[in-house]
Amino acid sequence: MNIFITGATGFIGSNLCRHLLKKGYNVHIGLRKKSDLSNIEDIKNDIQIYYYTNSIFDLASFFTKANIKGVFHLASCFIAEHKTDEVEKLIDSNVLFGTFLLEAMRVAGVKNLINTGTSWQHYDKEPYNPVCLYAATKEAFDAIVKYYTECEELSCITLKLFDSYSENDTRPKLINVLNQFAVEGKVLDMSEGEQEINLLHVNDICCGYENAYVLLLKNQNNSLNEQYALAAKEIVTLKKLIEFFNRIAPKKITVNWGLKPYRKREVMKLWS
């Protein structure tokens with residue numbers, strides 16, 4: 001029941017901490033010294049915090065002392081359309097740090113990893129076609145995970161996520177933007193709105209992470225490297241979603257459709 005979570009101060013990570021605490025897990029998290037703790041302020045006294053150093057052996061020592069049995073890896077840097085000076089940040093966060101984590105697990109003998117991928121690794125529904133550099137770094141890390149599962153007896157389940165939402169979401173994501181514009185009476189300029197969206201509530205995402213971990217524990221005699229899409233059953237277009245929003249929201253939102261171009265490599269049809 002001793003688990004370690006990266007990315008615990010993010011939206012999904014903080015909700016996963018709460019979910020696993022309620023299920024009786026002993027939750028340990030890794031943070032940088034300057035991390036913003038606002039998303040976990042209510043639970044920070046219920047979890048054990050490890051502050052990262054630049055030492056793999058220091059992290060491995062922590063894993064051993066805390067008797068960590070599994071790692072949930074949610075930390076990442078998401079940039080939909082990167083600038084040249086952001087390349088290093090993407091590689092450091094999504095490839096280098098993950099490899100640092102894997103090597104610490106190897107040294108400490110921690111065998112179970114729940115990794116986080118993205119549906120954006122599958123542009124045009126292909127087995128691999130990255131929407132952006134962010135998605136390419138996720139695929140690069142998958143290749144490194146394969147080394148550790150094939151050669152170092154690590155077991156990994158990667159959950160590939162789509163879009164998420166919840167009542168406590170403070171991110172500037174679609175649902176919050178719609179709420180803000182509706183309340184303020186602003187007009188929202190949009191594309192034609194034919195791109196598909198798959199929205200999954202964060203509670204369901206947390207259940208998915210826990211179920212994946214239970215699956216790993218049930219297969220302790222086998223080294224696994226499996227990938228699953230963690231998705232809602234219903235897919236809608238952006239236009240249909242906003243029509244639904246206007247049917248149930250106290251204040252309707254006015255949209256100017258077609259005033260914005262689609263983003264470069266816009267995902268029109270979701271991978272399944």
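Predicted model: local features only at pLDDT ≥ 70, side-chain atom pairs only at ≥ 80, totals over all residues.
User: What makes helix 1 mostly covered?

Analyst: A residue counts as buried when its relative accessible area is under 20%, and 10 of the 12 residues of helix 1 are buried. Those buried residues are Phe11, Ile12, Gly13, Ser14, Asn15, Leu16, Cys17, Arg18, His19 and Leu20. They pack against strand 1 (2-6), strand 2 (26-31), strand 4 (70-73), strand 6 (155-161), strand 7 (163-165) and helix 6.

User: How do you know that the end-to-end span of helix 1 agrees with its number of residues?

Analyst: At 1.5 Å a residue, the 12 residues of helix 1 should span 16 Å, and because the end C-alpha atoms are 17 Å apart, the two values agree.

User: Does the same reasoning apply to helix 6, or what span should its 17 residues have?

Analyst: For helix 6 (residues 202-218), the 17 residues should span 24 Å at 1.5 Å a residue, and the end C-alpha atoms are 25 Å apart, so here too the value agrees. The buried residues of helix 6 include Val202, Ile205, Cys206, Tyr209 and Glu210.

User: Why is helix 1 called roughly perpendicular to helix 6?

Analyst: Helix 1 (residues 11-22) and helix 6 pack at an angle of about 65 degrees, with their axes 9 Å apart. Angles of 65 to 115 degrees count as roughly perpendicular, and helix 1 is therefore described as roughly perpendicular to helix 6. The contact is made by Phe11, Ile12, Asn15, Leu16, His19 and Leu20 of helix 1, together with Val202, Ile205, Cys206, Cys207, Tyr209 and Glu210 of helix 6. By class, this contact has nine nonpolar, two polar and one charged residues.

User: Why are helix 2 and helix 3 called oblique to each other?

Analyst: Helix 2 (residues 56-65) and helix 3 (residues 87-108) pack at an angle of about 50 degrees, with their axes 8 Å apart. Since roughly parallel requires an angle under 35 degrees and roughly perpendicular begins at 65, helix 2 and helix 3 are therefore oblique. Helix 2 passes helix 3 in a right-handed crossing, and among the residues making the contact are Ile56, Phe57 and Phe63 of helix 2 and Phe100, Leu101 and Met105 of helix 3. The residues of this contact divide into 11 nonpolar, one polar and one charged.

Terms used: Residues numbered from 1 in each chain as written. Heavy atoms only, no water. Helix = DSSP H or I, 4+ residues; strand = E, 2+ residues; numbered from the N terminus. Expected span 1.5 Å × (residues − 1). Buried < 20%, exposed > 50% of the residue type's maximum accessible area, 1.4 Å probe, protein only. Axes fitted to C-alpha atoms, helices over the stretch in contact; angles between N-to-C directions. Parallel < 35°, antiparallel > 145°, perpendicular 65-115°, else oblique. Contact = heavy atoms within 4.5 Å. Nonpolar A, V, L, I, M, F, W, Y, C, P; charged D, E, K, R; others polar. Left-handed = near helix turned anticlockwise from the far one by under 90°.
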